Amino acid sequence: MGRRTFLLLFLGVIGAWYVYTPLPENIEEPWAVLSMQTSMKTVSNLMLLVEFLGISHYMTSSMYLMSFLETPPTSDENVTVVDTTFHNTPVRVYVPKRETETPRRGLFYIHGGGWCLGSAEFYIYDLLSRRTAHRLNAVVISTNYRLAPKYHFPAQFEDVYNSLKWFLRQDVLKKYGVDPTRIGISGDSAGGNLAAAVSQQLLRDQDVKVKVKAQALIYPALQTLDLDLPSYRENAHFLALPRWLMVRFWSEYFTTDRSLEKAMSSNQHVPAQSGHLLRFVNWSSLLPERFQQGHVYKNPSFGSAKLANKYPGFLDVRAAPLLADDTQLHGLPRTYVLTCQYDVLRDDGVMYVTRLRNAGVQVTHDHIEDGFHGAISIGLKLGSRLENQYINWLHENL
Ligand SMILES: *[C@@H]1O[C@H](CO)[C@@H](O)[C@H](O)[C@H]1NC(C)=O
Ligand SMILES: *[C@@H]1O[C@H](CO)[C@@H](O)[C@H](O)[C@H]1NC(C)=O
């Protein structure tokens with residue numbers, strides 16, 4: 001074999017290996033999924049290289065590249081769309097044009113992107129909010145919030161909370177014609193995390209008189225104490241959200257110091273003095289049998305107290321809503337949780353369903369057997385199926 005033939009063969013094998021991520025058999029439209037994933041992986045690798053060369057932070061350059069997804073606020077025949085600010089936080093507001101006799105439902109939406117990426121202006125979120133407003137005849141507020149690596153916890157949480165509280169003011173609800181008894185909060189991924197966190201916070205907030213009617217959490221991230229759940233093990237290398245990226249997102253939420261990422265990556269970041277919190281995320285007792293199959297529970301090993309003292313955010317219930325005890329969960333509004341089989345975050349959502357039900361909260365759990373993380377916003381058949389299930393639930397429960 002000549003040297004050239006060998007080289008070609010070698011490149012061919014590397015290329016095929018690179019494109020070919022074995023997909024489970026039940027994934028719909030596999031070629032569309034593969035090509036999408038391959039381009040995302042290529043861009044991601046490029047951004048890692050850019051970071052390695054010391055040119056720019058991985059998240060900063062990724063967000064810069066993603067800015068082509070932004071779309072201006074454009075009204076259409078069904079919905080009026082405007083950009084404004086709620087308590088200094090930029091939001092995009094969608095008001096249906098249809099005539100109504102009575103005040104409308106209101107939905108407060110929080111976009112995903114690992115607390116580092118994403119925007120209400122991205123067309124994928126713009127389309128989702130537009131369709132939600134039209135189909136539910138609801139006023140939809142799609143909020144932005146400051147992002148890492150420039151801003152860390154609790155900036156993201158606080159922006160969302162302040163924006164939400166502004167929306168819930170009597171005069172603001174009146175201005176947009178929203179019925180104060182029919183307000184929901186929802187979000188996907190990191191937005192699902194923030195939705196769960198602000199819903200908990202509202203319960204304890206004496207200033208807020210309005211009672212939220214529903215929360216909808218789409219493949220939410222809900223805890224950072226155990227990053228070795230069965231779903232993390234099974235989907236460590238799966239497509240859109242591999243484990244390394246989720247660990248990176250979590251650590252960036254609290255700090256740009258990579259030592260936290262390193263500790264989280266080996267699942268040795270919880271200090272011994274916080275060991276009692278592990279019961280809130282103990283999958284051997286909180287996951288139904290079918291999600292545990294083939295896995296053996298091992299108590300996580302403890303990490304350095306110094307690291308946890310420096311970045312206490314990851315032990316904070318506002319960052320990890322699963323750390324709330326039952327009395328804090330009791331009284332939450334009726335809840336929708338959507339989880340996907342092929343998602344490192346699957347078990348976060350499933351455990352929250354168990355915890356909420358134990359605390360007496362009414363929960364609808366939609367588990368998508370052929371779903372993967374991020375699917376609602378990518379526009380394949382799977383995406384519209386998820387979107388329909390989510391909007392139908394809101395239609396019946398909000
Ligand atoms: C407006 O609503 C109608 C009826 O639901 C629908 O057929 C049409 O596609 C909508 N227009 C846009 C721009 O979404
Ligand atoms: C988790 O639960 C199992 C029983 O289901 C128990 O043996 C184990 O000690 C628990 N671990 C923690 C850290 O709570």
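Biologist: Over the face of which residue does Arg-169 lie?

Modeller: Please keep in mind throughout that this is a predicted model. A charge is placed over a ring by its distance from the ring centre and its angle to the ring normal. Here Arg-169 lies over the face of Trp-166, 4.1 Å from the ring centre. In another case, the ring of Phe-157 has the charged end of Arg-318 over it, at 5.7 Å from the centre.

Biologist: How many aromatic pairs does a search of the whole structure find?

Modeller: The search gives 18 aromatic pairs. One of them joins Phe-153 and Phe-254 edge-to-face, with 5.8 Å centre to centre and 65 degrees between the planes. This pair links distant parts of the chain, 101 residues apart: Phe-153 is in the loop between β4 (138-143) and α5 (155-167), while Phe-254 belongs to helix α9 (residues 243-254). Both Phe-153 and Phe-254 are buried.

Biologist: Which residues form one aromatic cluster with Phe-153 and Phe-254?

Modeller: The cluster also contains Trp-115, Trp-250, Tyr-253 and Phe-314.

Biologist: What geometry does the aromatic pair of Trp-283 and Tyr-297 have?

Modeller: Trp-283 and Tyr-297 are edge-to-face, at 5.3 Å centre to centre and with 65 degrees between the planes. Trp-283 is in helix α11 (residues 283-286), and Tyr-297 is in the loop between α12 (289-292) and α13 (305-310), 14 residues apart.

Biologist: Why does Trp-283 count as buried, and why does Tyr-297 count as partly exposed?

Modeller: The reading rests on relative accessible area, where buried means under 20% and exposed over 50%. Trp-283 counts as buried because its relative accessibility is 1%. Tyr-297 counts as partly exposed because its value is 23%.

Biologist: What span does helix α2 (residues 30-52) reach?

Modeller: A helix can be checked by setting its span against the expected one. The 23 residues of α2 reach 32 Å from first C-alpha to last, close to the 33 Å expected at 1.5 Å a residue. Buried residues in α2 include Val-33, Leu-34, Met-47 and Glu-51. Just after α2, Gly-54 has a positive phi of about 80 degrees.

Technical notes: Residues numbered from 1 in each chain as written. Chains lettered and ligands numbered in written order. Predicted model: local features only at pLDDT ≥ 70, side-chain atom pairs only at ≥ 80, totals over all residues. Heavy atoms only, no water. Phe/Tyr/Trp six-rings, centres within 6.5 Å; stacked < 30°, edge-to-face > 60°. Helix = DSSP H or I, 4+ residues; strand = E, 2+ residues; numbered from the N terminus. Buried < 20%, exposed > 50% of the residue type's maximum accessible area, 1.4 Å probe, protein only. Lys NZ or Arg CZ within 6 Å of the ring centre and 35° of its normal. Expected span 1.5 Å × (residues − 1).
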